[in-house]
Amino acid sequence: MVTTVAPSPPRPYPLWPTLGTIVLVLVAGLFAMIVVGIPTVITLGTPTMNTGDIGASIVIGAFYLGGFAVLVPLLQRVSHRTLAQLGVRPLDKFSWGVIAVSLLALVAMQVVYQAILGAFHQQNHVQAGFEHFSVRSPSSAIMVLVTGAIIAPIAEEMFFRGLIFNALATRMPMLVAALISGVLFGLGHGDLVLFPALALFGVLQAIIYRISGNLIVPMVVHAANNVIFLTLMIVVPSLR
C-alpha cells in the first residue's frame with residue numbers, strides 16, 4: 001500500500017524582513033537613479049518632463065534595475081524559495097494558453113473602461129507621467145520600449161506579484177491577497193482616473209500567476225500591455 005503526504009502550505013513570509021525588503025528595494029532604486037542620473041545630466045543635460053527623452057528613460061531604467069538587483073536575492077531569502085520555486089521558469093503550453101486568454105480579457109477590460117471614461121468625458125485622459133510624452137528619434141523610441149516594455153514589467157511583476165502578493169497569500173485567502181496587491185499596484189502608478197483599471201489589472205495579474213504557477217506569465221502579459229500602450233503613444237500623435 002502506498003501512502004502520500006499532502007504538501008505543507010507555504011511558509012508565511014516573516015513580517016518585518018518582508019517590510020524591510022520592500023523599503024530596501026525602493027531605496028536601492030532611488031539610489032541607482034541618483035548614481036546614474038548625475039552622469040546622465042552631465043552628458044545629456046537636465047531631463048525634461050518628457051518621459052520619451054533618452055535621459056529620462058535611462059534614469060527610469062536605473063530605478064527599476066537598482067531595485068531589481070536588491071529584490072532578487074532578498075525575495076529568495078524572505079520566501080525561503082528559489083526563483084524556480086517562485087515560478088521563474090520556461091513557459092509551457094498551458095502557460096501560453098493562460099497568456100492568450102489573459103490578453104483577450106485585458107483587451108475587453110480596456111474597451112469597457114474606455115467606454116466608462118467616455119461617459120465621464122475623460123476619454124482623452126493620458127496616464128500620469130505621460131502628459132508631455134514625445135519621442136524625437138529612433139534611439140529614443142528604442143530606449144522607451146526597452147525600459148517600459150521589458151525592464152519595467154519584469155521588475156514590477158517580481159515586486160508586486162513575486163514579493164507582495166506571495167507574502168499576503170501566505171497569510172490570507174488568495175483573492176483577498178490579489179485584491180490588496182492589485183490596489184497597491186494601482187496606487188503605485190499615481191493616477192486617480194486610471195486607478196480602477198490599474199488595480200483591476202493588478203488583480204488579474206495575481207490571479208493568472210496563481211493559476212499558471214509561473215511568474216513569467218504575468219511578466220509577458222504586462223510586457224504585451226506596455227508594448228501596445230507605448231507603441232500607440234509613439235506612432236499616434238493625437239494620443240500624446
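From the N terminus on, the elements of the protein follow the order α-α-α-α-α-α-α-α. The radius of gyration is 19 Å, close to the 18 Å given by the globule rule for 240 residues, so the protein is as compact as a globular protein of that length. The model described here is a predicted one. In total it has eight helices and zero strands.

The overall dimensions and packing come next. Taken along the principal axes, the box filled by the C-alpha atoms of the protein is roughly 70 × 45 × 30 Å. Of the 240 residues, 42% are buried. Among contacts with a separation of 6 or more, 77% are between residues 24 or more positions apart. The protein exposes about 12900 Å², and 75% of this area is supplied by carbon and sulfur atoms.

Side chains of opposite charge can pair when their charged atoms come close. Counted with a limit of 4 Å between a side-chain nitrogen of Lys or Arg and a carboxyl oxygen of Asp or Glu, the protein has two salt bridges.

One of them joins D53 and R136, whose closest N and O atoms are 3.1 Å apart. This pair links distant parts of the chain, since its members are 83 residues apart: D53 lies in the loop between α1 (15-44) and α2 (54-79), and R136 lies in the loop between α4 (93-119) and α5. The surroundings of the two residues can be read from their accessibility. D53 has a relative accessibility of 17% and therefore counts as buried, because buried means under 20%. R136, at 63% relative accessibility, counts as exposed, the cut-off for that class being over 50%.

The other salt bridge is formed by R161 and E157, with their closest N and O atoms 2.7 Å apart. These residues are separated by about one helical turn, because they stand four residues apart in helix α5. R161 is buried, its relative accessible area being 0%. E157 is likewise buried, with a relative accessible area of 0%.

Together with I142, I150 and I154, V146 forms a nonpolar patch on the surface, and the four residues have about 320 Å² of accessible area together. V146 itself has a relative accessible area of 32%, so it is classed as partly exposed.

Key. Residues are numbered from 1 along each chain as its sequence is written. This is a predicted model: local features need pLDDT of at least 70, side-chain atom pairs count only at pLDDT 80 or more; totals for chains, interfaces and linings use all residues. Side-chain values use heavy atoms; hydrogens and water are left out. Patches are made of residues with over 30% relative accessible area and no salt bridge: like charges are joined within 9 Å, nonpolar side chains (Val, Leu, Ile, Met, Phe, Trp, Tyr) within 5 Å. Accessible areas come from the Shrake-Rupley method with a 1.4 Å probe; for residues, only the protein chains shown count as cover. Buried means under 20% relative accessible area, exposed over 50%, partly exposed in between (1.4 Å probe, protein chains only). Helices (H or I, at least four residues) and strands (E, at least two) are DSSP runs, numbered from the N terminus. The radius of gyration is taken over C-alpha atoms; the globule rule is 2.2 Å times the number of residues to the power 0.38. Contact means heavy atoms within 4.5 Å.
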